[in-house]
Amino acid sequence: MSDATVLQQEIAVEQEHVDRVYTRLAQLRTEASRAEREGYRMAGVGTYGALVERDAMVFHAARRRHALDTEYEGLVFGRLDLNTSAVHYVGRMGIRDEDSQPMVVDWRAPAAAAFYQATPADPMGVVRRRMIQSSREKVIGIEDDLLDPDAAPDGMRVVGDGALLASLSKATGAGMRDIVATIQREQDEAIRSPAGGVTIVTGGPGTGKTAVALHRAAYLLYSDRNRFAGGGILVVGPSGVFVNYIATVLPSLGEETASLRSLGSLVVGYAAERTDPTDVAAIKGSLRIRRVLERASHDAVPGAPEELKLLYRGSLLRLNRADLERIRRKALPRGARRNEARGSGFDGVFDALWSQARQQRVTNLPEKREFEADLADRRDFRDFLRAWWPRLTPGRVLGWLREPARLRSYATGILSRVEIAALEGSFGPEPTIADVALLDELDELMGRPRQAPKKSANPFHVRDGIQEVTTQADRQAAARAQAVQREDDYRDYAHVVVDEAQDVSPMQWRMIGRRGQYASWTVVGDPAQTAWSGDAEELERARERALGSRKRNTYALTTNYRNSSEIFAVAASVIRTIMPDLPLPTAVRSTGVEPVDLVVDPASLPDAVRELTEKQIADVDGTIGVITPVPRRDEVASWLTGLPERVQVVTALEAKGMEYDAVVLVGPGEIAVDPSGVRTLYVALSRATQRLTTVGTDPDWLPSRDAN
């Protein structure tokens, strides 16, 4: 019998099971929709208790229906034939038949762990592992691994090979794909790491660090939904481009409760995308900048009144600049929060005026409480207080640093003259990504005025004096629903995921740490890819302080699944110039297509970039990344107007964590200007899965060329 015939017969076997699964899925969807409709009809009973039952039934039925709809594509992707003769199918969600027997095991369930962890050396009771490839409801391919030949029964067929590599060779879409069907053992071990403590995942380019982090979030939500859905999971990425890229992964795994934020959007009200030059970013990311901000947060408000004159019952009461400065300093000692100390400042003004009124023996001077009430009723006095000690926002205070004289007064003795000069002009009307951490720090330094706590609405209140009859389960469900509706500046996450952690500055670690004080953590990154050029010891201290004393579980990923070996060889030659002993991942896939490097004169560069990009459009079906030096992004984008949407122009920093079928890298020599730039170039060179083309005006950037 030919291999093709065997393949078709085995596909038919799997199609039969997949058909049964989708038939059952349709039944479950029908049942969920029926339950939802019946829940709405219960409101017609006319009792308040019926309203409660309606809400509970509708909520659970709608959630179940949504889950069934979400997991429709590629529902069944694996099969395990065990040495006990049992067969387990593995998929995106668990499905049972009418007799409650499992038809599909959820990929996150303990019973599915062997699908990812079994090897020929340790088969874990698995004889044959089969990957099932589908297009909607149709099985289009299968790939087998025979893990325990001695236990294989007579007649067991083994079809195909290279399931993982076949999957990796597929063209990508605009967003990141989940890898749920092709998770490898070392990745799965990190995904299933203990829920508590800190899980640290390291690995070079293409090892799947980001995919592991996201699948781990889905695994945690599955394994302890009350804890992680209730408290929330925060995923922090380096840029908005990156967050958009990964946005579809968790929903594709059936999880939509995680919050995805970039470092530039972690503070409410901001969505920064602009980056600072490397030296400026290092200064803004240093913990020393906190002392600069502290000085600014305690300074007099620019343009604030420097004198107060009041005519009270025929007597002139006056506070001069020195008086007001003394009152402000007394009310705002080091460590005090300006907005929270506002009342103390006002009290100081009242006290000084009262003392002065007594000294001047003001006619018919009332008791102090009435005196203060008299002043508080005067509009001119209230206007003075608002102008002298306003409620300050972090953005307003950070804006004071745009004035060179103020910047120098705050930074002298903390930063060097060279550093102060580098900062001048870097605080624009719109914040950079590094500025967002400073805004969060200022919010912490200044505090917020106290507000009366808001009463939570009772979801079971009908009208005055009447509440719906509820069960304890109803109350718990309502509490969980209310918890999901978190405030904008929520800071009590149950789990925090930090991707591209090697680029998080000390100040950014403080910002993230405030949102994960009670959380477990997953931290993924590659030290070799860091763009941080500041103090390494300071960075380590800030990181450790954010993570706290929680237990560490460390995992290293060693296989590069993204790049072809030809592409990664170029990236490796670059990073070896500054880190010759760095352990690098092994690229396991070869395409036989060597990267292309072109050197052109500056005048020809625009036409060359467009021509090379158009060639990649013709050569590959998927996404094309045109990666540029940071200052040239908009310029390069102007050369490529009118090209398809699958062409994305990004800077070398924005490319971190991204993956493209083809890459056109513009100006590699302009990126690798210092060790930090070499690491950034290493990142840019390792984004492509199929084709890599570099083009620039500098012939000396490529180490292999130098060797020749």
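**Helix packing and aromatic contacts**

Helices α23 and α27 run roughly antiparallel to each other, because the angle between their axes is roughly 175° and angles over 145 degrees count as roughly antiparallel. The model is predicted.

**Packing of α23 and α27**
- Helix α23 covers residues 565-575 and helix α27 covers residues 675-685, and their axes come within 9 Å.
- On the α23 side, the contact is made by I567, F568, V570, A571, A572, V574 and I575.
- On the α27 side, V678, R679, L681, Y682 and L685 take part.
- By residue class, this contact has eleven nonpolar residues, one charged and no polar.

- W107 and Y116 form an edge-to-face pair, with 6.5 Å centre to centre and 85° between the planes.
- W107 is buried at 1% relative accessibility, and Y116 is buried at 2%.
- Both residues belong to one aromatic cluster, together with F77 and F115.

- W388 has a relative accessible area of 6% and is buried; W389 is buried at 0% relative accessibility.
- The ring of W389 also has the charged end of R338 over it, 5.6 Å from the ring centre.

**K284 and F427**
- The charged end of K284 sits over the ring of F427, at 4.3 Å from the ring centre.

Conventions. Residues numbered from 1 in each chain as written. Predicted model: local features only at pLDDT ≥ 70, side-chain atom pairs only at ≥ 80, totals over all residues. Heavy atoms only, no water. Axes fitted to C-alpha atoms, helices over the stretch in contact; angles between N-to-C directions. Helix = DSSP H or I, 4+ residues; strand = E, 2+ residues; numbered from the N terminus. Parallel < 35°, antiparallel > 145°, perpendicular 65-115°, else oblique. Contact = heavy atoms within 4.5 Å. Nonpolar A, V, L, I, M, F, W, Y, C, P; charged D, E, K, R; others polar. Phe/Tyr/Trp six-rings, centres within 6.5 Å; stacked < 30°, edge-to-face > 60°. Buried < 20%, exposed > 50% of the residue type's maximum accessible area, 1.4 Å probe, protein only. Lys NZ or Arg CZ within 6 Å of the ring centre and 35° of its normal.
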